[in-house]
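Subject: The structure to look at

Hi,

Here is the structure I said I would pass on. Have a look through it first, and then read my notes below.

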Amino acid sequence: MSTSWTEEGGKLCRNFQFADFSEAFAFMTRVAMIAEKQDHHPEWTNVYNSVSIRLSTHDAGNVITERDLKLADAIDKL
């Protein structure tokens, strides 16, 4: 995978690289299940084997909150 989370433009950001599209999509599916359970959904993009995730809390004015840190921690544990 890649480096740790960084703060960019008021969002918690991280890029992930995988062997191929199938691995990237499988990762996104696992993240989606966690996000749904936490009722906190990421902003993300996927291009082939790359997934970019940006986290902020819309209800709090699009800033980083404890909810984002909790989701980032759960994603790291994948």
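Before the rest, two notes on the model. It is predicted, so local features need pLDDT of at least 70 and side-chain atom pairs count only at pLDDT 80 or more, while totals for chains, interfaces and linings use all residues. Residues are numbered from 1 along each chain as its sequence is written, and side-chain values use heavy atoms, with hydrogens and water left out.

Now the rings. The whole structure has 5 aromatic pairs (rings of Phe, Tyr and Trp, the last by its six-membered ring, with centres within 6.5 Å; planes under 30 degrees apart are stacked, over 60 edge-to-face, the rest tilted). One of them is Phe16 with Phe18: the centres are 6.5 Å apart and the planes lie at 20 degrees, so this pair is stacked. Phe18 also pairs with Phe27, this time tilted, at 5.0 Å centre to centre and 40 degrees between the planes. Together with Trp5, the residues Phe16, Phe18 and Phe27 make one aromatic cluster. Phe16 is buried at 1% relative accessibility, and Phe18 is buried at 11%.

Next, strand β4, residues 50-55 (strands are DSSP runs of E, at least two residues, and helices are runs of H or I, at least four, numbered from the N terminus). Why is β4 largely enclosed by the rest of the structure? Because 6 of its 6 residues are buried. In a regular strand, side chains alternate between the two faces of the sheet. Here both faces are covered, with Ser50, Ser52 and Arg54 buried on one side and Val51, Ile53 and Leu55 buried on the other.

β4 has strand partners too (two strands pair if DSSP finds at least two bridges between them). Strand β2, residues 11-17, pairs with β4 in the antiparallel sense over 6 bridges, and Phe16 stands opposite Val51. Strand β3, residues 43-47, also runs antiparallel to β4, joined by 5 bridges, with Asn46 opposite Val51. β3 and β4 form a hairpin with 2 residues between them.

Of its 17 residues, Trp5, Phe16, Phe27, Val51, Ile53, Leu55 and Ile75 touch the most other members. β2, α1, β4 and α2 (66-76) each give two or more residues to this core, and α1 has the largest share, with 6 residues.

Helix α1, residues 21-38, also holds Phe25, which is partly exposed with a relative accessible area of 48%.

Finally, the backbone. Most residues other than glycine have a negative phi. Asn62 is not a glycine either, yet has a positive phi of about 60 degrees. Asn62 lies in the loop between β4 and α2 and is partly exposed at 40% relative accessibility.

Cheers

Conventions. Buried < 20%, exposed > 50% of the residue type's maximum accessible area, 1.4 Å probe, protein only. Core = buried A, V, L, I, M, F, W, Y, C linked by side-chain atoms within 4.5 Å.
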